[in-house]
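Here is a colleague's note to read beside the model. Please keep the structure open while going through the points.

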Amino acid sequence: MNADDRRRGRLKVFLGAAAGVGKTYAMLGEARDLKAAGVDVVIGYLEAHGRRATEDRAAGLEVAPRRVARVQGRRFAETDVVWLLERLPQLCLVDELAHTNHPGGRNAKRWQDVEELLAAGVDVFTTVNIQHLESLNDKVHELTGVRVRETFPDRLLHGADEVVLADLPPDALRERIAQGRVYAPDKVRPALTNFFRIDNLTALRALALREVAEREERHLLGPASAGAAPGRAVGERVMVCVDGRPESSELVRRAARIARRGGGPLYVLHVQPADEREDDEVLRAVEAAEELGRQLGAVVLRRTGDVARTVVDAAGELAVNQIVLGESHRPRWKELAGRSVIARILRETDGVDVHIIANRGGSSDGP
C-alpha cells in the first residue's frame with residue numbers, strides 16, 4: 001500500500017482535571033478488552049508513577065522498548081517512535097501527551113510522536129490533563145497561580161475521534177492522595193497544600209467538564225463551515241489584533257476560545273503602522289503570537305497602514321462579527337476625546353462585537 005493511501009489512525013484521548021483521577025487506569029482497561037478481542041496492542045509509553053494498581057493493569061500487554069536519552073550524565077527513558085513505526089501495531093498506548101522529550105529523538109514533544117503514529121495508520125490511546133491545553137494556558141495560570149510549561153495544540157483534542165473524561169470529585173481525589181495512592185508519602189503533604197487544593201481542583205474540573213461539553217455541542221451542531229464565503233458566515237467569525245505586546249499570546253488564546261464556542265473561524269491580524277518602524281523585540285513577539293495562532297487553527301494576516309482603518313477594513317472583508325483587542329495605552333484624556341485606535345474601531349464598525357481585554361500584567365500597552 002502506498003503511504004499516501006494509508007488510512008489515518010484514530011485518536012482517543014483520556015482527559016482529566018488533574019493527576020490521579022484515573023486516566024491511565026481507564027485507558028489500560030479498554031486496551032486489555034481490545035487485546036482480548038484480538039486487537040494488536042502495544043504500550044508505546046506508560047508512566048505508572050509507582051502505582052501498583054496501574055502496573056497490575058498493564059500486565060500482559062506488550063511494551064515497546066524505550067529510547068534512552070542521556071543529558072548531563074543522567075539517563076532518561078523516552079518513547080521509541082522509530083521502533084513503533086517499524087512495528088506498526090493496530091493500537092498504541094501513549095501516556096502523558098504533553099510531555100517534552102529529552103534531546104536525541106525525532107521529535108521535541110510527545111504529541112508530535114503521536115501525530116507520526118496517527119499518520120502511519122496506527123490507532124492511539126493517550127492521556128492528558130486539562131491544564132496542558134494550549135488555549136487554556138493563561139486561564140489556568142489565572143485560576144491556580146501555576147504557569148504550565150508543557151502544552152499541546154488544541155487541534156489534537158478537538159480533532160480526536162473520541163474523548164473520555166476521567167472524572168473524580170475534588171474531595172475524592174484529595175482522599176486518594178492522602179491515602180498515598182497517587183504520590184509517594186513524602187510528596188503527599190506538599191501536593192495537598194499547594195496544587196491539589198480544593199479551589200484549584202474545582203476550577204480545573206470545571207474547565208475539563210466544560211471542554212467536553214462544548215465538544216459534544218459542536219458534534220451535535222455539525223462542523224462549522226470555516227471556509228464559507230465571508231458574506232455567508234456560519235457561527236462566530238473572530239479576528240484578534242496583535243501588536244507585539246507581551247500579552248499578545250494571551251489575546252490569541254482568548255480569541256480562540258471565543259471562536260471555538262461560536263463554531264467559526266479565527267483570524268490573527270497584525271497591522272504595522274505605515275509611519276513607524278517596529279523593533280526586533282516587537283517583531284519577535286508578533287511572530288510568537290502568529291505561530292500560536294497557527295497552532296490554534298487561525299488564518300494569519302499582516303498588513304501595513306493606518307491601524308484603525310486597516311482593522312475596520314479587514315473586519316469588513318472577512319465579515320467578522322467579533323474583534324478582540326488589548327486595552328489601549330493612550331492617556332485617559334485622549335480616550336475621552338475619542339482619539340485612540342480602539343475608540344475609532346468602535347465608532348467605525350457596525351454590527352461587530354468588540355472585546356477589549358484588560359492587561360493583567362499591570363503594563364498599559366495597547367493599540
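1. How many bridges join strand β4 to strand β5, and do the two run parallel or antiparallel? Strand β4 (residues 66-71) and strand β5 (residues 74-79) are joined by 6 bridges and run antiparallel. Strands here are DSSP runs (E, at least two residues), as are helices (H or I, at least four), numbered from the N terminus. Two strands pair if DSSP finds at least two bridges between them. Arginine 67 stands opposite glutamate 78 of β5. The hairpin of β4 and β5 has 2 residues between the strands, and glutamine 72 there takes a positive phi near 50 degrees.

2. A word on the source. This is a predicted model: local features need pLDDT of at least 70, side-chain atom pairs count only at pLDDT 80 or more, and totals for chains, interfaces and linings use all residues. Residues are numbered from 1 along each chain as its sequence is written, and side-chain values use heavy atoms, leaving out hydrogens and water.

3. Next, the open sheet. It has 6 strands with parallel pairing, in the order β3-β2-β6-β7-β1-β8. Its edge strands, β3 (62-63) and β8 (162-166), each pair on one side only. Inside the sheet, β1 and β7 run parallel and are joined by 6 bridges. Valine 13 has threonine 126 of β7 as its bridge partner.

4. Helix α1 (residues 23-36) packs on this sheet. It touches β1, β2 (41-45), β6 (91-94), β7 and β8, where contact means heavy atoms within 4.5 Å. The direction of α1 makes about 165 degrees with that of β7. Helix α4 (residues 110-119) lies across β1, β2, β6 and β7, and runs at about 175 degrees to β6. Axes are lines fitted to C-alpha atoms, for helices over the stretch in contact; angles run from 0 to 180 degrees between N-to-C directions.

5. Now the rings. The structure holds 3 aromatic pairs. Phenylalanine 14 and phenylalanine 125 form an edge-to-face pair, 5.6 Å centre to centre with 65 degrees between the planes. Rings of Phe, Tyr and Trp (its six-membered ring) pair if their centres lie within 6.5 Å; planes under 30 degrees apart count as stacked, over 60 as edge-to-face and the rest as tilted. Why does this pair tie together parts that are 111 residues apart in sequence? Because phenylalanine 14 lies in strand β1 (residues 11-16) and phenylalanine 125 in strand β7 (residues 123-129). Phenylalanine 14 is buried at a relative accessible area of 0%, and phenylalanine 125 is buried at 8%. Buried means under 20%, exposed over 50%, partly exposed in between (1.4 Å probe, protein chains only).

6. Tyrosine 183 and phenylalanine 196 are also edge-to-face, at 5.7 Å and 70 degrees. Tyrosine 183 is in the loop between α7 (170-178) and α8 (185-193), and phenylalanine 196 in the loop between α8 and α9 (198-221). Tyrosine 183 is partly exposed at 25%; phenylalanine 196 is buried at 5%. Ring pairs link Tyr183, Phe195 and Phe196 into a cluster.

7. How do α7 and α8 pack? Their axes are 9 Å apart, at an angle of about 155 degrees. The two helices are therefore roughly antiparallel (under 35 degrees is roughly parallel, over 145 roughly antiparallel, 65 to 115 roughly perpendicular, the rest oblique). Arg174, Ile177 and Ala178 of α7 make the contact with Val188, Ala191 and Leu192 of α8.
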